[in-house]
Amino acid sequence: MERERAAAPAAAAAAHAEAMGAALERARGAEEHRDVPIGAAIFRDGELLAAAGNERELRQDPTAHAEVLAIRAAAAALGGWRLPGTTLYVTLEPCAMCAGAIVLARIPTVVYGTADPKAGAAGSVLDVLSEPALNHRPEVIAGVRAAECAALLREFFASRR
């Protein structure tokens, strides 16, 4: 089940779409080293703190997801593991590992592009980000530039078949 919280005003929707551009740019960069084109960007007060693309193939590291790499970089930039006042933009709905990292980092808002019906943990398969037993539940906004995010993934996998 893909979810979207209350519709954002037009200005906020435009800002989300623009910020998703940074995640899309990193997703395209991941393709250069044969990684699945997923990108993430973390903003605070309109300023880009960190951005990353998937690097699982590049690093041969199963945890080198775009979200995890961006969270690490943002924590380093802010000098602490909590990321208050931030918004994470990611081109694909976070998996369970990434959703767990989002909760642990206390990221207040997650904006994602396209749903992941096979491994999504923000409502599609699991809903880690709204689990009442956890100590943090970010706001989730789904579907920002969804068609563009989905097309990037579709083209990547089509080229490998």
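Guide: Start with Arg106, which is partly exposed, at a relative accessible area of 26%. Keep in mind that this is a predicted model. Arg106 sits in the loop between helix H4 (96–105) and strand S4 (109–114). Its phi is positive, about 60°, although Arg106 is not a glycine.

Now follow the chain into strand S4. Thr114 belongs to this strand. Is Thr114 buried or exposed? Its relative accessible area is 13%, and buried means under 20%, so Thr114 is buried. Look at what surrounds Thr114. Leaving aside neighbours within four places in sequence, its contacts are Thr91, Leu92, Glu93, Ala146, Cys149, Ala150 and Leu153.

Step back to the sheet. It is open, has 5 strands and runs in the order S2-S1-S3-S4-S5, with mixed pairing. Strand S2 (47–53) and S5 are the edge strands, and each of them pairs on one side only. From one strand to the next, the twist averages 15°. Helix H5 packs on this sheet, where it touches strand S3 (86–92) and S4. The direction of H5 makes about 60° with that of S4.

Arg145 lies in the loop between strand S5 (139–142) and helix H5 (146–158). Phi of Arg145 is also positive, near 55°, in a residue other than glycine. Arg145 counts as partly exposed, at 29% relative accessibility.

Finish at the other side of the sheet order. Strand S1 (residues 39–44) pairs with S2 in the antiparallel sense, over 6 bridges. There, Arg44 stands opposite Glu47 in S2.

How values were computed
Residues are numbered from 1 along each chain as its sequence is written. This is a predicted model: local features need pLDDT of at least 70, side-chain atom pairs count only at pLDDT 80 or more; totals for chains, interfaces and linings use all residues. Side-chain values use heavy atoms; hydrogens and water are left out. Helices (H or I, at least four residues) and strands (E, at least two) are DSSP runs, numbered from the N terminus. Buried means under 20% relative accessible area, exposed over 50%, partly exposed in between (1.4 Å probe, protein chains only). Contact means heavy atoms within 4.5 Å. Two strands pair if DSSP finds at least two bridges between them. Axes are lines fitted to C-alpha atoms, for helices over the stretch in contact, and angles run from 0 to 180 degrees between N-to-C directions.
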